[in-house]
Number of protein chains: 2
Amino acid sequence: MKDLSGKQAQILEFLREFIEDKDYPPSIRDIQEGCGISSTSVVDYNLRKLEEKQMIRRDREISRGIEVLGARGRRPRVVEIPVLGAIAAGQPIPVPTSDRWASDAEDTVSVTEDMVRGKSNVFALRVKGKSMIEDLIDDGDIVFLEPARSAVDGDKVAVWLKDRGEVTLKRFYHEGNRIRLQPANSTMEPIYSAPDNVEIQGRFVSSFRPAD
Amino acid sequence: MKDLSGKQAQILEFLREFIEDKDYPPSIRDIQEGCGISSTSVVDYNLRKLEEKQMIRRDREISRGIEVLGARGRRPRVVEIPVLGAIAAGQPIPVPTSDRWASDAEDTVSVTEDMVRGKSNVFALRVKGKSMIEDLIDDGDIVFLEPARSAVDGDKVAVWLKDRGEVTLKRFYHEGNRIRLQPANSTMEPIYSAPDNVEIQGRFVSSFRPAD
DNA sequence: GCACCGTCCGAACGCATGTTCGCCGCAACT
DNA sequence: AGTTGCGGCGAACATGCGTTCGGACGGTGC
């Protein structure tokens, strides 16, 4: 069931390379030529075999209707995340109110969908400066956030501190009638603030750190 | 040059959705039906216009030879990174000597190519435990490393400390006739070691932190 | 030997699909 | 009105491409 002949493996490999390269599936005759096969019927024959073995899917009656199945075939869904700007202590970030940022985003980053947990409307911020290093966020990191106005205890959120006039990323805790913003490092003291002084901008989804 | 008529925008949108959905480009008649156009020649006419405007690329004489260009069209190249295992203080990591790990990798992660800088043979490790939190690497993080046996000053490398019997991620500095492994946090002291006691496993490329 | 089966070959068949061509309606000019 | 250009229409045309069919070649079992 799983093992396939040399020619079938060759065809499968050719399929992957062709699709990767050209962005559309090859025709029967493309495969024929690319694999050095002398007849289209041989290709058809082996494609049927591959289909039986669940390696590919074919849309009959449709030109180039071949689809490679399996982990290497099904391309992971890629989403474009708008990078809205930089976040640094002392500087506000422009937080969108509408849900269409694609136009005013200065930059975008493409990531596989599982990196943002399939959430929608995720946006990204480029971290500037070392000011948040105690939150395990380094200079140059990219943080992915989902829009949020509220948080539950323990959430990592980007909050706008009205009195300080700055945005920071901390863990969020309700504590009596005040808010505790907890850094992730034991050597740092938490920030306490009145609830109406903090304005939640977004909830942490994930982060990425490129090389230096 | 940039603005396109309503019908052209409609066709372009249809192209994207169709390709996203089916994994192969539509035929002229697919577009005709999908956009409610009464003649194939109209589709052809507008496709030529789109091609003039550099919005798409057509492979003449080839069925479904349409390719959407631009940021939203050209899919970012996705590479599969083998996750070789977990890294935690006190435990060695199995570092491959050959360059074919795909078979023995327990897991893989798909990321867009720019996340690993287009480097080849990159592998990934899942961070276990909080033991490296001072290097801005948290529990659950995924670090991407490229195989390396040497490093230049300042590189973040995964090193095997023979005397301690553990692997850790630090910045690497030659300092006289010893090696300094520098954490990224000022409250932590660097580790000094003899050159023959450290064995470099891989060089840090990037890291990713999923949500809690 | 013979029959059977998996694989391959070459050619023909026929639908699917891209391309071309003449014509029309409409708006903006002269 | 006449002209020009753009966008659309429908049909015919030419080719791309999937499919089918008769047959060949090499194993394997009887």
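1. Which atom of DNA strand D is 2.5 Å from an N or O atom in the side chain of B:S38? A sugar or linking oxygen of DNA strand D is the atom at that distance, and the pair counts as a polar contact, that is, a pair of N or O atoms within 3.5 Å, where within protein one must be able to donate a hydrogen and the other to accept it, and residues adjacent in sequence count only if both atoms are side-chain atoms.

2. On provenance, this is a predicted model, in which local features need pLDDT of at least 70 and side-chain atom pairs count only at pLDDT 80 or more, while totals for chains, interfaces and linings use all residues. Residues are numbered from 1 along each chain as its sequence is written, chains are lettered from A and ligands numbered from 1 in the order in which they are written, and side-chain values use heavy atoms, with hydrogens and water left out.

3. Regarding confidence, pLDDT (the predictor's confidence in each residue, from 0 to 100) has a mean of 76 over chain A, with 79% of the residues of that chain at 70 or more. Residues 97-105 of chain A stay under 50, and for them the model has 11 contacts beyond four places in sequence, a contact being heavy atoms within 4.5 Å.

4. Around DNA strand D there are 24 residues, of which A:I28, A:R64, B:S38, B:S39 and B:Y45 come nearest; a residue is near a strand if one of its heavy atoms lies within 4 Å of it. Base oxygens of DNA strand D lie 3.1 Å from an N or O atom in the side chain of A:T40 and 2.6 Å from a polar side-chain atom of B:S41. The elements giving two or more residues to this surface are α2 (28-34) and α3 of chain A, together with α3 of chain B, where helices (H or I, at least four residues) and strands (E, at least two) are DSSP runs numbered from the N terminus. The largest share, six residues, comes from α3(B).

5. DNA strand C is surrounded by 25 residues, the closest being A:S38, A:S39, A:Y45, B:I28 and B:R64, and sugar and phosphate account for 66% of the atoms of DNA strand C that come within 4 Å of the protein. With six residues, α3(A) gives the most to the surface near DNA strand C.

6. In chain A, A:R58 belongs to strand β1 (residues 56-58) and is buried, with a relative accessible area of 15%; buried means under 20%, exposed over 50% and partly exposed in between (1.4 Å probe, protein chains only). The side chain of A:R58 makes a polar contact of 3.3 Å with that of A:D44, and beyond four places in sequence the contacts of A:R58 include A:I28, A:L47 and A:E51.
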